[in-house]
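Dear colleague,

I am passing on the structure we spoke of, together with notes on what was found in it. Please look through the model first and then read on.

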Amino acid sequence: VNRDRRAAWYDGEVDGRFAGSGPAIVGVGAIGGVVAACLYDRRPRLCVRRGFERLEIRLDGRTRRFEGLSLVSSPEAISTAHEIVFVATKAHQTEGAASWLSHLVGPGTIVVVLQNGVEHRERVAPWVDTQACILPAVVDLPATCAAPGQVTLKRSGTLVLPPVAEAARVVALFEGAPWIRASMEEDFAGVMWRKLCVNVVSGAIPALTDRPAGVFRDEAVAKLARGLVRECMAVARAEGVALPADLDRSIVAEFAASPPQSENAMLLDRRAGRRLEADARNGAVARFGARHGIPTPLNAMAAALLGAINA
Ligand SMILES: NC(=O)c1ccc[n+]([C@@H]2O[C@H](COP(=O)([O-])OP(=O)(O)OC[C@H]3O[C@@H](n4cnc5c(N)ncnc54)[C@H](OP(=O)(O)O)[C@@H]3O)[C@@H](O)[C@H]2O)c1
């Protein structure tokens, strides 16, 4: 989407139903916080359950501060539907955010689901207007949120959307933004399933063993990890997605080569006693496997054990 198109959109193509409503973000943690900072000039409405004075984004020892934010803490305070709504809660928190969605989303609203997994639409659809456009997004942006408004980034990242007209509007919003490069991808399903192939091991194995990335250097663990990825690959192929034959090896080799003390978000969640986002990852592989008659015993076991930790 080039600059001219962006200018055209902002000058003349704003949908009249949403005049004056900037983007809204539901769930302003690690990912929602970076999106809020990237869209700061558009005065996004930040829908939070815990308030904060300012937003701080840290990267490479430098901090950028964003003040004068438009925070809202009660869904009832929202009187009109918004044109673009980002959902950046964890997957299992979507239902808890339902009342935000019912107030923010109307016919024609673009709902961008910034969550891991492959079931973005199924997760959000029950809570939004049937004429809203739900866009799944694949986010590659390693970030942590230590406290409300306090986000640390490991590096800049990407936000990938399916190739549809509504996604072009979202991509235009991020033009010139720091930290996030947004784009549309023809093979969106491929991007989404490759990310799930990574996510079935990146979180489950450190969280189940309570060990950082060094755990992947243990060959018995690496073998199990490749098995988890291969199950996800088989299910993805049944969904019509083309994947490299050695994806399992390359994913696990990359984790084994990463700094051994590097801590994944799910490991940090486990250590902090927060609920783990297991069902949207390993649980999804088991669900799709059952649908296609593909056995997924390793992912089913991982989902069950992580679910038991949650319980
Ligand atoms: N972090 C990463 O590096 C990364 C990378 C790629 C993809 N993702 C995916 O992005 C999604 C978001 O992850 P995250 O790391 O940003 O999670 P996070 O830091 O835990 O942020 C989630 C935010 O949602 C808020 N929230 C939950 N329920 C809410 C409700 N009912 N109303 C208002 N706010 C609510 C939480 O508020 P409280 O603070 O009050 O709990 C929190 O601020 C996940 O699906 C994750 O897998 C994350």
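The second largest pocket is lined by 17 residues, and those nearest its centre are A91, H92, R123, D279 and A280. A pocket here is an open set of points on a 1 Å grid over the protein atoms alone, with protein on both sides within 12 Å along at least five of seven lines, whereas a cavity is a set where a 1.4 Å probe fits but cannot get out; lining residues have an atom within 4 Å of a point. Two or more lining residues of this pocket come from each of α11 (279-292) and α12 (297-310), helices being DSSP runs of H or I of at least four residues and strands runs of E of at least two, numbered from the N terminus. The volume of the second largest pocket is about 260 Å³, a volume being the space filled by probe spheres set on the points, which are joined across faces, edges and corners.

Please bear in mind that this is a predicted model, in which local features need pLDDT of at least 70 and side-chain atom pairs count only at pLDDT 80 or more, while totals for chains, interfaces and linings use all residues. Residues are numbered from 1 along each chain as its sequence is written, and side-chain values use heavy atoms, with hydrogens and water left out.

Turning to the interior, nine of the nine residues of helix α2 (residues 30-38) are buried, that is, under 20% relative accessible area with a 1.4 Å probe and protein chains only. The largest nonpolar core has 42 residues, and V34, F86, L114 and F174 have the most contacts inside it; such a core is a set of buried Ala, Val, Leu, Ile, Met, Phe, Trp, Tyr and Cys residues joined through side-chain atoms within 4.5 Å. Helix α2 gives the largest share of this core, seven residues. Apart from this core lies another, of 39 residues, with V160, A222, A236 and A284 among them.

H82 lies in the loop between β5 (70-72) and β6 (84-87), and H82 counts as buried because its relative accessibility is 3%. A polar atom of the H82 side chain lies 2.9 Å from the backbone oxygen of G22.

Finally, a search of the whole structure finds two cavities of 30 Å³ or more. The largest cavity has a volume of about 40 Å³, and α6 gives the largest share of its lining, four residues. The second largest cavity holds about 30 Å³ of space and is lined by Y40, R43, P44, G68, L69 and S70.

With best wishes

Methods. Buried < 20%, exposed > 50% of the residue type's maximum accessible area, 1.4 Å probe, protein only. Polar contact = N/O pair within 3.5 Å; in protein donor to acceptor, adjacent residues only side chain to side chain.
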